[in-house]
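Please look over the sequence and the 3D structure below before reading on.

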Amino acid sequence: MDPLSGFIGSLIWWILFFYLLMGPQIQYRQLQIARAKLLEKIARKRNSTVITMIHRQESIGFFGIPVYKFISIEDSEEVLRAIRMAPKDKPIDLIIHTPGGLVLAATQIAKALKDHPAETRVIVPHYAMSGGTLIALAADKIIMDPHAVLGPIDPQLGQYPAPSIIRAVEQKGAEKVDDQTLILADVAKKAINQVREFVYNLLKDKYGEEKARELAQILTEGRWTHDYPITVEHAKELGLHVETEVPEEVYALMELYKQPIKQRGTVEFMPYPVKQQGKD
């Protein structure tokens with residue numbers, strides 16, 4: 001092999017190596033820039049501070065390993081910082097897409113959102129379950145896509161819902177269960193009461209004390225499974241104030257959150273072809 005061919009071969013190998021190593025990072029940086037531009041557009045249009053908390057499975061890094069995200073202490077720290085920096089006389093739009101997460105973190109975010117002096121709006125383009133619902137309840141306005149959903153906020157202890165632990169002990173009888181289960185049931189009761197009281201305090205100014213107590217009870221008592229979808233219609237039936245005018249830019253923003261690399265998408269669609277004027 002002549003020196004020139006060897007050099008070209010080595011160069012091609014290094015280019016491929018660099019692309020495999022840095023390609024995902026470059027793509028992710030481009031997504032971040034596109035998100036920032038769109039967030040600025042939404043903020044100007046709505047005259048608000050726009051904050052996002054979007055937990056989506058993302059594929060980042062050399063091997064494109066999917067990362068699953070939930071509401072964490074790191075999230076609460078970042079959201080609280082954003083709320084603290086927001087002008088006190090301007091609204092906040094918090095865009096949420098989350099399966100839920102740590103109750104402590106969701107509680108901190110909800111409290112900070114409620115305490116903001118100007119109007120606060122939580123926008124739910126697809127779903128805000130569990131802790132996401134808790135945060136949504138803190139806002140002055142909940143704006144949902146017509147097919148978006150919220151969820152119950154009954155606490156979970158490990159893999160078990162707190163209300164189910166209590167019911168299991170009640171059905172079997174305290175004398176027939178071991179000490180560890182009794183301790184778990186005691187913790188479950190405390191967890192439910194803590195979340196219920198917090199929800200009541202979030203809602204009482206907007207809904208009145210009686211309605212706030214009712215909503216807090218319904219959402220924390222384990223009436224449904226923890227992943228039960230509370231639709232817009234159901235939320236309104238419960239008495240929650242819900243609007244459905246999600247800004248179009250929010251949907252565009254959701255498209256900028258990268259999904260894991262797949263060989264084939266599970267959903268595809270073709271937009272309806274619209275004729276342009278003057279053309280066949």
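The residues that line the largest pocket divide into nine nonpolar, three polar and seven charged, where Ala, Val, Leu, Ile, Met, Phe, Trp, Tyr, Cys and Pro count as nonpolar, Asp, Glu, Lys and Arg as charged, and the others, Gly among them, as polar. This is a predicted model, in which local features need pLDDT of at least 70 and side-chain atom pairs count only at pLDDT 80 or more, while totals for chains, interfaces and linings use all residues. Residues are numbered from 1 along each chain as its sequence is written, and side-chain values use heavy atoms, with hydrogens and water left out.

**The largest pocket**

- The largest pocket holds about 390 Å³ of space, a volume being the space filled by probe spheres set on grid points that are joined across faces, edges and corners.
- Among the 19 lining residues, Thr52, Met53, Ile54, Glu78 and Tyr257 are the closest to the centre of this pocket.
- On a 1 Å grid over the protein atoms alone, a pocket is an open set of points where a 1.4 Å probe fits, with protein on both sides within 12 Å along at least five of seven lines, and lining residues have an atom within 4 Å of a point.
- Two or more lining residues come from each of helix H1 (3-46), strand E1 (49-54) and helix H2 (73-85), and H2 gives the largest share, six residues.
- Helices (H or I, at least four residues) and strands (E, at least two) are DSSP runs, numbered from the N terminus.

**Threonine 98**

- Threonine 98 is found in the loop between strand E4 (92-97) and helix H3 (103-115), and this residue counts as buried because its relative accessibility is 0% (buried means under 20% relative accessible area, exposed over 50%, partly exposed in between, with a 1.4 Å probe and protein chains only).
- Not counting residues up to four places away in sequence, threonine 98 touches Met53, His55, Ile71, Tyr127, Ala128, Met129 and Gly132, contact meaning heavy atoms within 4.5 Å.

**Two residues with positive phi**

- Asparagine 47, in the loop between H1 and E1, has a phi near 50°, a positive value in a residue other than glycine, and asparagine 47 is partly exposed, with a relative accessible area of 45%.
- Serine 130, in the loop between strand E6 (127-128) and helix H4 (131-138), also has a phi near 50°, but serine 130 is buried, with a relative accessible area of 14%.
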